[in-house]
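Please look over the chain below before reading on.

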Amino acid sequence: MSDEIINVNDTKQLELYIHIPFCARKCNYCDFLSFPVNAKEHDAYINRLCQEITLSAPSAAAYEISTIFIGGGTPSILEPKCISRIMYTIRRHYNVRKSAEITIELNPASTLRYKFASYRDSGINRISIGLQSANNTELKTLGRLHIFEDFLKCYQDARMEGFQNINIDLMNEIPGQTTASWRKTLRNVLMLKPEHVSIYNLIIEEGTVFQRMQAAGTLSLPSEDEDVAMDEITKELTNRYGYRRYEVSNYAKPGYECRHNYGYWSNVPYLGFGLGASSYFNGIRWSNIRDYRAYLDMDLPEDAAHGFVRLHQNMQILSRENQMEEFMFLGLRRIEGISELEFIRRFSVDIHTVFGRQLEQYTREGLLIHENYHYRFSEHGMNVSNAILSDFLLT
């Protein structure tokens with residue numbers, strides 16, 4: 001996918017993210033804003049969420065919604081009527097393009113066949129299934145509630161209901177995982193021919209079960225050599241089955257790149273709704289409050305006239321330097337990298353004046369490739385990208 005295909009210079013487009021914080025149980029690696037609640041709580045949350053969506057609509061009147069992403073948590077834990085209501089509220093108050101990409105995240109353990117029909121009727125056209133592994137022992141280690149056979153039924157049901165754009169989330173570097181088990185997981189998934197695969201390396205996050213196990217010395221992770229071998233297996237199999245890597249962690253069949261996430265990496269504005277959801281709009285970043293009870297109890301109509309000052313927090317007006325930083329560390333996540341000419345167009349300064357040291361160093365070390373007025377990661381650079389990207393912070 002190129003900037004021309006997604007048309008990141010289209011000033012009318014706006015993305016929406018909807019956060020559903022509920023899940024059946026917290027996984028051992030998860031530090032997302034998610035938690036289990038009684039099903040009776042779902043309606044109260046959806047009421048507040050739809051109110052927030054409605055009250056924010058006037059600020060987006062000049063925009064057209066190009067993508068919608070319903071994430072979590074586990075959105076599929078909700079009854080389909082809740083998802084239908086969210087979609088109805090958006091369509092009633094926003095100008096949603098007919099071509100909009102509309103995604104919902106699913107957990108194989110909480111998605112029954114009838115839900116897919118409702119999602120389709122609501123206008124959802126992209127499914128993202130959180131599998132993580134095709135090995136049931138590894139799934140148990142991760143704390144997942146499903147087994148691989150649950151996923152196969154979920155995937156089949158989605159296809160039977162007509163979904164033709166499906167992503168599957170996978171994870172490697174799992175405790176106890178071997179190169180052989182990773183090869184089997186990836187091959188079993190790619191043979192199903194999903195349109196998109198997201199492959200994430202496990203990161204031990206603060207406050208998780210895995211972090212506590214690591215601190216206690218009871219967490220056994222694959223070795224560095226095994227990690228490198230898993231990356232090679234990923235490259236080999238995705239190439240063999242016809243997937244193109246277009247971002248650090250994402251692979252797609254031609255034409256099925258995730259437009260929503262691509263927008264995040266390409267400076268497309270977005271509004272986030274729900275507990276803890278983040279937004280980037282009119283050059284300002286902010287996030288919603290993370291206190292669940294406060295979110296439900298807040299008097300939004302009164303706050304709406306004052307810019308949701310109590311609902312929003314961590315508001316940051318991006319300086320010119322902030323925007324330059326984001327141009328680099330978001331744009332470099334894409335396989336095609338960043339354009340020198342686009343940098344000049346946006347900031348009226350040569351990119352080497354600002355980032356000359358970093359670009360020269362990493363090009364010399366073979367971690368960046370410089371050609372046709374673009375900088376992009378080499379294969380090795382992509383595998384160590386996190387350390388490199390942090391060097392492009394100016395402040």
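Ser-220 is exposed, its relative accessible area being 54%, where exposed means over 50%, buried under 20% and partly exposed in between, with a 1.4 Å probe and protein chains only as cover. The model is a predicted one, in which local features need pLDDT of at least 70 and side-chain atom pairs count only at pLDDT 80 or more, while totals for chains, interfaces and linings use all residues. Residues are numbered from 1 along each chain as its sequence is written, and side-chain values use heavy atoms, with hydrogens and water left out.

- Ser-220 is found in the loop between helix H8 (209–215) and H9; helices (H or I, at least four residues) and strands (E, at least two) are DSSP runs numbered from the N terminus.
- Leaving aside neighbours within four places in sequence, Ser-220 is in contact (heavy atoms within 4.5 Å) with Pro-175 and Gly-176.
- The C-alpha atoms of Ser-220 and Ile-174 are separated by 8.8 Å, although these residues are 46 residues apart along the chain.

**Helix H9**
- Helix H9 (residues 224–240) has 17 residues, which at 1.5 Å a residue should span 24 Å, and its end C-alpha atoms, 25 Å apart, agree with this; the expected span is 1.5 Å times one less than the number of residues.
- Asp-227, Met-230, Ile-233, Thr-234, Leu-237 and Thr-238 are buried in H9.
- Seen down the axis of H9, these buried residues fall within an arc of 115°, so they line one face of the helix, the arc being that of the directions from the helix axis to the C-beta atoms.
- The cover over the buried residues of H9 includes strand S5 (166–172), helix H7 (179–190), strand S6 (196–201) and strand S8 (250–252).
- Glu-224, Asp-225, Asn-239 and Arg-240 are exposed residues carried on the face of H9 turned away from its buried side.
- Just after H9, Gly-242 takes a positive phi of about 85°.

**Backbone angles elsewhere**
- Most residues other than glycine have a negative phi, and most peptide bonds are trans.
- Asn-282, which is not a glycine, has a positive phi of about 55° and is found in the loop between strand S10 (278–281) and strand S11 (284–288).
- The peptide bond from Gly-72 to Gly-73 is cis, with omega near 20°, and Gly-73 is found in the loop between strand S2 (64–72) and helix H3 (80–93).
- Tyr-373 has a positive phi near 60° and is found in the loop between strand S14 (368–371) and strand S15 (374–377).
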